[in-house]
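Please work through the following exercises with the sequence and the 3D structure in view. Each task is followed by a solution in steps.

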Amino acid sequence: MGNLIQIVKKIKNVRTLIAGLIILACSNALVRAQDAEDSQNVLWYSEPAKEWMQALPVGNGRLGAMVFGDPHSERIQLNEDSMWAGGPDWESSKGNSADLTLLRQLLEEGKTEQVDSLIVEKFSNKTILRSHQTMGDLYIDFEGESDISNYRRELDLNKALVTTSYTMNQAQYAQKVFASHPDDALVIELTTTAKDGLNLELKLDRPKDHDQPTVKMVNPTPSEISMKGMVTQNDGKRFSKPLSIDYGVRFETRLKVINNSGTVLAKDGKIVLKGVKKALLFIVANTSFYHGENYVKKNDETLSKILRKPFESLLSDHIGDYQELYKRVSFDLGGRELDKIPTNQRLERIKKRENDNALAATLFQFGRYLLIACSRPNTNPANLQGLWNDHIEAPWNADYHLNINLQMNYWSAEVTNLSELHQPFFDLIDRVLERGKTTAKVQYGINRGTMAHHTTDLWATPFMRAERAYWGSWIHGGGWCAQHYWEHYQFTKDAVFLRERAYPVLKDLAAFYLDWLIWDKKSKKWVSAPETSPENSYLAPNGKSAAVSYGSAMGHQIIGEVFDNFLEASKILGIQDSLVKEVREKRRNLHPGVLIGEDGRILEWNEPYDEPEKGHRHMSHLYALHPGDDIVESNPKAFAAAQRTIDYRLEHRGAGTGWSRAWMINMNGRLLDGLSAQENIDKFLQISLADNLFDMHPPFQIDGNFGYTAGVAELLLQSHEGFLRLLPALPPKWKNGSITGLKSRGNITVDLEWKDGELTQMTLKANEKKEIAIQYGNQKILVKIPKSKQIQLNKNLKLIP
């Protein structure tokens, strides 16, 4: 009996040992997997940035920087998202309802050339276009120069951390830079093992505004630099009327140095460090836009909190806060052996038509990184350059273009599981549309509702600002933005948001369009006029180029979408009033937004006009395909016409700009065309990226980065048709891969795995009980998802127990 007990004990011990070994093996496997994941998605380079488009971006939503990584004379270019000239005092009122009546009459008479000039003369507030501006630069000038070896500059997307490291005179040097959201500061750590420590000079600076100084520099303490100023814009060249803006947002940028050895000395608005082994540099900055007269006090408060925390805690808190957003989605296409090659060299390989799936996956995550870095709740939204801008007068003012660019910035927010980052978009557009009520009433004599034109800025201007009709007289900025309110509800199912934010916007825009539309006796339909199709023109019957028209595809597509979403929202909220009835009746007789011409293409205007620029970068008449959802596979005529329309554009060298190519990828996805998507992805990587992976219009526009990320998601998962399409347009080169954490409409989280181009497994999870149709290839099933529990399906869409 005793021997039996011993045997049982041994068996138990063996089992315990085996269990322990299994746990250890699993733990080691998890650690290896985590290490592998953390080694991915790193942009790295073997030399410093020589120009701004090679520098690496960091940002906390409001405050950002571009890091050059120069070991001799470092430049860290600084940005803050409210650096704008002027104020909210510019009003919209130019033109009146009589002017609108005149334009419509001239359009009916075919006098388009006259309308093109009159619409600008009557309605455009031709003031200077205000630009987002740089906050300035931090320069770190190191004493002496020696040969550098083992140089590495990297942006780790997993940690939102830029690190520069190198060897000089057999000593190690390192610089770490991050933009902390929880501590609201830029944090820089400089370290060395050199016996004599670091010897360097720090200075802040900001470019002049047309030879006028913009800042004053002082040393509040021996370890601080304060740079104060006010944003002005002494331009006057943009429009025919000379106008300079001598007032704007006031700001202070403060640099604080903490050292553990050596000496720190303030001198003439600069700081000199001698013999320092480790230095922490904190940059805080605040403006009167956010804090009124208390922006300097806010810097004091922020610094006092930071100084209580060691660097390790600051970094840990930053990474934890960032990864709560970033880690929601992972994406793997294999090919990680190429990670050992510097990023700029990988781009050169791609230009020689070498494949690099791993970089394509990294670029997807780079788009998510950028959105986290330049759009957090209670900040301003991502502008035309996101947040990063080294100009006093940026290209296209780095403002908010509402004829695709701002919208494209946020296409990826919902589907890539970053819904809360959409908030700054809504905050800005709420302000724009509040002011747009005045524009609608005073400019156009429409007393109900609201509207916005094609561009706005920090001050939420809704009115027309243009010298030429073809780009400035478009009236659907508000209508397009309304789609984002509806999409946010569709993805989140946030009933409070629908009731309190989305519905009021849809209601006001629907009311405006009700009174804007005019009855067309020829078609016996409600028509929108005067109309334009963003930044494009057509050849009028007299053979001359014209922009303003009697109806356009995009205008009617947007109006129809606003009406449809308003009616659906009213139904969900149980609202049945006279406005709902009026919208329903007018929607029934709205001019079609999708008209197919004799050549099988979708017409861009109400008539089959020829175009002077057949490969135009804007594909506005395909709004109903993407980002709209009226053109779908179940409507085969429109579906085929959309494909023909794209083919025609590309035949004439369309999609040349980075953002246009990104839009094309999204439309390839909607057309279930993985082969064309692959071709456009390849071209985007080959010709549209700078060394730091910023999108080149050219010049830099960040919408291409965001559009690419949205496009990748569109190729892998779609939900706009009322069901889930799995891998609807998988690019042929992406044979093996996986993605986790994507979101579908209905607030469902989706994970996908595939091998040899075929789905192998998927996982679904929802916060509430769901029933949803799923389609993969020709298979289509109905699936029930329990509340807060995940289910798995195999390649045959069968439940995995």
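A residue is called buried if its relative accessible area is under 20%, exposed if over 50%, and partly exposed in between (1.4 Å probe, protein chains only). The model is predicted: local features need pLDDT of at least 70, side-chain atom pairs count only at pLDDT 80 or more, and totals for chains, interfaces and linings use all residues. Residues are numbered from 1 along each chain as its sequence is written, and side-chain values use heavy atoms, with hydrogens and water left out.

**Exercise 1. Cysteines**

Task: Determine how many disulfides a search of the whole structure finds, and examine C374 and C481.

Solution. Step 1: A disulfide is a covalent bond between the sulfur atoms of two cysteines. The criterion applied here is a pair of cysteine sulfur atoms within 2.5 Å.
Step 1: The search of the whole structure gives zero disulfides.
Step 2: For C374, the closest cysteine sulfur is that of C481, at 16 Å, which is too far for a bond. C481 likewise is in no disulfide, the sulfur of C374 being the nearest to its own.
Step 3: The relative accessible area is 1% for C374, so this residue is buried. C481 is also buried, with a value of 1%.

**Exercise 2. Aromatic rings**

Task: Classify the pair formed by F426 and Y485, and then the pair formed by W474 and W480.

Solution. Step 1: Rings of Phe, Tyr and Trp (its six-membered ring) pair if their centres lie within 6.5 Å; planes under 30 degrees apart count as stacked, over 60 as edge-to-face and the rest as tilted.
Step 1: Across the whole structure, 36 aromatic pairs are found. One of them joins F426 and Y485, with 4.6 Å between centres and 50 degrees between planes, and it is tilted.
Step 2: Helices (H or I, at least four residues) and strands (E, at least two) are DSSP runs, numbered from the N terminus. F426 belongs to helix α11 (residues 423-444) and Y485 to helix α13 (residues 477-492), so their pair ties together parts 59 residues apart in sequence.
Step 3: F426 is buried at 1% relative accessible area, and Y485 is buried at 0%.
Step 4: The ring centres of W474 and W480 are 6.4 Å apart and the planes stand at 75 degrees, so this pair is edge-to-face. W474 is buried at 1% relative accessibility, and W480 is buried at 0%.

**Exercise 3. The surroundings of N286**

Task: Locate N286 and describe what its side chain contacts.

Solution. Step 1: N286 lies in strand β16 (residues 278-287). Its relative accessibility of 2% makes N286 buried.
Step 1: A polar contact is a pair of N or O atoms within 3.5 Å; within protein, one must be able to donate a hydrogen and the other to accept it, and residues adjacent in sequence count only if both atoms are side-chain atoms. The side chains of N286 and N299 make such a contact at 2.8 Å.
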